[in-house]
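Have the fold open while you read.

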Amino acid sequence: MSASKHSRLGVVRTQDDGRTVWALVGEGALASTRSEHITTSGLEALPLDRQELNTHVESMMSALEQHSAQRAVTPGGASWLYVHHVPVRRLVTQLVRKLMALEAWPPFAEAPGLMTLAPYEGIVGVRQSSSREFRPYTVTWSGLAYILGASAPYNPMQSARLRKLSAHSPEAKPFPDSTSEILPKTEVVALSWSSRHWQSLLPVLEELARDGRRSVLVDLATDPTEQCSAPMADGISLLPVPAEAFAASGGPPNPTLDDKEIEEPEPTVRLGAHSVRLRRVEQLASALLAMAGGCTQPSWQATTMVERWFEGVLDSTRPHTVIVSNDTSPLGALAVHASERRGISTVHLQHGAWTVETVAWPALHSRHIVVMGERDVVLANAWARHPDAEVHVLGQPRFDALAGLGRETQRQYLKKLLATGLGRRPERILVWACQPFGPDRLQAQAELLLDGLEGVEEDWGLVITPHPVQSTDVFDDLLQRNGRTLVAVADRRVGARGCLAGADALASAHSTCGIEAVLLNIPVLEIGLPGERTLRLAEHGIARRCSTAEDIADALTALRTPQPPHTQAAVDAVCRWRGNSATEIAQLIVGRASTDTAQLEHTRHDAPGTAPGLPQGEGVPVR
């Protein structure tokens, strides 16, 4: 696990005709200058106010919505900014972060001004990540200078690393032909593009199949390890889409900066001391949407192809309900839009834990929102965009089978991982459920855990369980560390689900596996430096917040004595677990289908939550 290289750029104060101009220069040039200067890595380390950041991001996105939303729409009428809001919002967030960091540096705050670009540096780049497929796009420092008004005649839109990634993309292939002749009429269509999606959706489809109701699971995953691998029960059809279909590149029309035919002033948005030109932000967004980023961040061209293909699926199968586990990312937003246009009921099934800090876009588009626990109701109510949205607390179908996990089998697997040729076996085992963070953050969490384990008198071992989308080679350096604690990495196909039942404790920043451990009454350590986001399980008294190595050591030492069981109310706040979530969600889908159809005809025969066959008392009307 090697840390990412520090930036090789710095910002230095210069003069141009008596005006202050801030120049991006090579880091090596800073040693010989007497002018005020700072490295860009030093800027990125400055603390920022999260609320101010969110306010600026919201202001920028609102301005884009007002001035640019209809610049390009899909053939089905979906705005480019609606479909691609999440990746664009992430890029805008990176832009605002850099601008806030610059203004948080006192010399710049005292004399804000233009910045010159680093020669030939790309405008849009990509950050370090341990994810195999997902690309965490960013605006480079030269990109920030461009946004602030600098000319960029010799700077490419993509960074060298992005161009290299694009060069290794698979050759694009067209989407499959019309499916009207091979797909039978079904009642439900479900969409998945990650293992967490199909693992959450499939139990519901199986319950529907037991009742004789047909469904189709559309698998849009472009990472082979994320594609559905479970056998399909009778009544469920699996419809995979070739990954190459998402390799198509091409963005929406690129706005021109100097259009003389436009008489009105160019729109701007105020961010701190600067007026940011929206057309330049649109240019960056267009460059982002032109790149093929797989199923998680498809290009604009791929999006229009997906829409046409998926509408063919809907017209062929004629379902009454479409169910997704994400309706804000491009594919989910597109699916909900296409379904709503046809009067098809839409259901969003929460597949992972929500917090205000971790969500990319606080919005939910579906008609019915199924959440895990009581605490999620508040967020769902605040984020719902559908005028008739309803929230239902029905748990998580993926957790229904938790009670059947083989604790002893998993314990033996963990012991085998930590076994050495010298016969040493640790007395206790801590499982670390990882997230696909960048190398720096993973390194910090690893050091926190290992330093804490070294401070415990008992002999503990550490088993690392990579996230399903994570590359395991990021942990190679960690396995070479000298120390008393034995460390091993579990097979990615096993994952935390295949280990946690056999652990003495589980550590994680904000993996949903922390909730699974709570349900099995396994002690949970929420790790991270002060201020870093977690699932906030500790706030409900069902986990221990650990920010230092001493916190880790104290938490593990406390496990020598029996811990009191969690209260049902505390657990229900995070996840309502009765082992029958799939059954209740299936009943919701069937019961609401006729109700939603009646609403289209302006007729409401049943009050919310009282339709025959529904789990009583679980429907929470939003509006």
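Are tryptophan 22 and phenylalanine 108 buried or exposed? Tryptophan 22 is buried, and phenylalanine 108 is too (buried is under 20% relative accessible area, exposed over 50%, partly exposed in between, with a 1.4 Å probe and protein chains only).

A word on the source: this is a predicted model, where local features need pLDDT of at least 70, side-chain atom pairs count only at pLDDT 80 or more, and totals for chains, interfaces and linings use all residues. Residues are numbered from 1 along each chain as its sequence is written, and side-chain values use heavy atoms, leaving out hydrogens and water.

The structure has four aromatic pairs. Rings of Phe, Tyr and Trp (its six-membered ring) pair if their centres lie within 6.5 Å; planes under 30 degrees apart are stacked, over 60 edge-to-face, the rest tilted. Two of the pairs:

| Pair | Centre to centre | Angle between planes | Class |
|---|---|---|---|
| Tryptophan 22 and phenylalanine 108 | 5.6 Å | 50° | tilted |
| Tryptophan 354 and tryptophan 383 | 5.5 Å | 55° | tilted |

Tryptophan 22 is in strand β2 (residues 19–26) and phenylalanine 108 in helix α5 (residues 106–110), so their pair ties together parts 86 residues apart in sequence. (Helices, H or I of at least four residues, and strands, E of at least two, are DSSP runs numbered from the N terminus.) Ring pairs also link Trp22, Trp105 and Phe108 into a cluster. Tryptophan 354 and tryptophan 383 are both buried.

Now for helix α4 (residues 85–104): 16 of its 20 residues are buried.
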